[in-house]
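Colleague: I would like to go through the labels on this model one by one. Show me the structure, and I will ask what backs each label.

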Amino acid sequence: METIREAQREPVIGNRDCSLGIITLKHFEWKAHNAQLVDLSTKGVGIESKGLLEPGFVWFKDRVGGHKGGVLVWSKQLGTKYRAGIRFLNLSHDEEEYVEERIDRFKPHIPLREPEKIISTLIESEKKEGH
């Protein structure tokens, strides 16, 4: 069965390292990760990591495909590694600054204060995109 995609994916060539954090939906914790970029489209990015990534809102240390944030929409084990797909969020400059400021205040692996405000900002952005 062939999968129909919204956007054509292209393999990532060159520097494939990517630092990111995920605000997990299960515990509203910030978890830092390192991954390798695998493929990229206008709608999202495929990554590969050493461990399974929990669903949540993704924040990239450096822009990926012009984006700072996204939603981890799937994650599965393939061999000894794990693959995951992240759908980009199109955030305004003000929304990016708001999220960045709050994330910078917290250290990895600790519960976020007022995570609902960060997540509501990201959800509102998602609604604007019509996903």
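Modeller: This is a predicted model. Let us start with a network: E29, K31 and E54 are linked by salt bridges.

Colleague: What makes K31 and E54 a salt bridge?

Modeller: The closest N and O atoms of K31 and E54 are 2.8 Å apart. The cut-off is 4 Å between a Lys or Arg side-chain nitrogen and an Asp or Glu carboxyl oxygen, so the pair counts. K31 sits in strand β3, while E54 is in the loop between β4 and β5, 23 residues apart.

Colleague: Is K31 called buried or exposed, and why?

Modeller: K31 is buried, because its relative accessible area is 18% and buried means under 20%. E54 has 25%, so E54 is partly exposed.

Colleague: How do you know that R63 and E96 form a salt bridge?

Modeller: Their closest N and O atoms are 2.5 Å apart, and the rule asks for within 4 Å. R63 lies in strand β5 and E96 in helix α1, so the pair ties together parts 33 residues apart in sequence.

Colleague: Why is K68 with E100 called a salt bridge?

Modeller: The closest N and O atoms of K68 and E100 are 3.5 Å apart. That is set against a limit of 4 Å, so the label holds. K68 is in strand β6, residues 67–78, and E100 in helix α1, 32 residues apart. K68 is buried at 10%; E100 is partly exposed at 25%.

Colleague: How many salt bridges does the rule give?

Modeller: The count is 7.

Colleague: Now the nonpolar part. Which residues have the most contacts inside the largest core?

Modeller: L20, V45, I47 and F60, in a core of 16 residues. Strands β2, β3, β4, β5 and β7 each supply at least two residues of this core.

Colleague: What does F60 touch, leaving out residues up to four places away in sequence?

Modeller: Among its contacts are L20, V45, I86 and F88. F60 also touches H67, K68 and G69.

Colleague: Which residues belong to the second core?

Modeller: That core is separate and has 12 residues, including I23, F57, L91 and I103. The name "nonpolar core" applies to buried residues of listed types joined through side-chain atoms within 4.5 Å.

How values were computed:
Residues numbered from 1 in each chain as written. Predicted model: local features only at pLDDT ≥ 70, side-chain atom pairs only at ≥ 80, totals over all residues. Heavy atoms only, no water. Buried < 20%, exposed > 50% of the residue type's maximum accessible area, 1.4 Å probe, protein only. Helix = DSSP H or I, 4+ residues; strand = E, 2+ residues; numbered from the N terminus. Contact = heavy atoms within 4.5 Å.
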